[in-house]
Each structure stands twice: as structure tokens, then as C-alpha cells.
Amino acid sequence: MSKTEKEILDIMNNSDVICTNKEQLDSYEKALESFNELINRGLVKSRGYNLQTIEDFGGSLAFNVTA
């Protein structure tokens, strides 16, 4: 088992100490589940790593151009 897996298991075992308000934790989990459902349905997009290169942007950048 890797170091990260051990750390995750420790956190999971100590979840009562880390977050004493179980109702708040449950509401976060429900919100995450409903958000993931919206992602699966294609209605929203995850806000992960969304940086784009100039090639991905696709448009030409022009400024100080007179018509």
C-alpha cells in the first residue's frame, strides 16, 4: 500500500474527529452527488484544469486595429 493510500485511510478513519458536524458533511456529499449527476447528463462542466493554449482558444487576438 502506498503512502497516499495510507494517508487517505487514516483520514477516513478519523473523519469524526476532522468533521464533527455529520449533517454538514452529509450535505456536502449530497451536493457532490447531484453535481456529478448533472455532469453525466451534460448540463454542467467540471471546473477542473481548464487552462487553454492559444491554439485551443481558436480565435485571433487583435488590438489597436482600426477599421
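How many helices and strands does the protein chain have? The protein chain has four helices and zero strands, where helices (H or I, at least four residues) and strands (E, at least two) are DSSP runs, numbered from the N terminus. From that end the elements run α-α-α-α.

This is a predicted model, in which local features need pLDDT of at least 70, side-chain atom pairs count only at pLDDT 80 or more, and totals for chains, interfaces and linings use all residues. Residues are numbered from 1 along each chain as its sequence is written, and side-chain values use heavy atoms, without hydrogens and water.

Of the 67 residues in the protein chain, 0% are buried; buried means under 20% relative accessible area, exposed over 50%, and partly exposed in between (1.4 Å probe, protein chains only).

Helix α3 covers residues 22-41 and holds D26. The 20 residues of α3 should span 28 Å at 1.5 Å a residue, and the end C-alpha atoms are 29 Å apart, which agrees; the expected span is 1.5 Å times one less than the number of residues. After α3 comes G42, with a positive phi near 80 degrees.

M12 lies in helix α1, residues 3-13. The two residues compare with the cut-offs above as follows.

| Residue | Relative accessible area | Class |
|---|---|---|
| D26 | 32% | partly exposed |
| M12 | 54% | exposed |

The protein chain exposes about 6,700 Å², 55% of it supplied by carbon and sulfur atoms. Accessible areas come from the Shrake-Rupley method with a 1.4 Å probe; for residues, only the protein chains shown count as cover.
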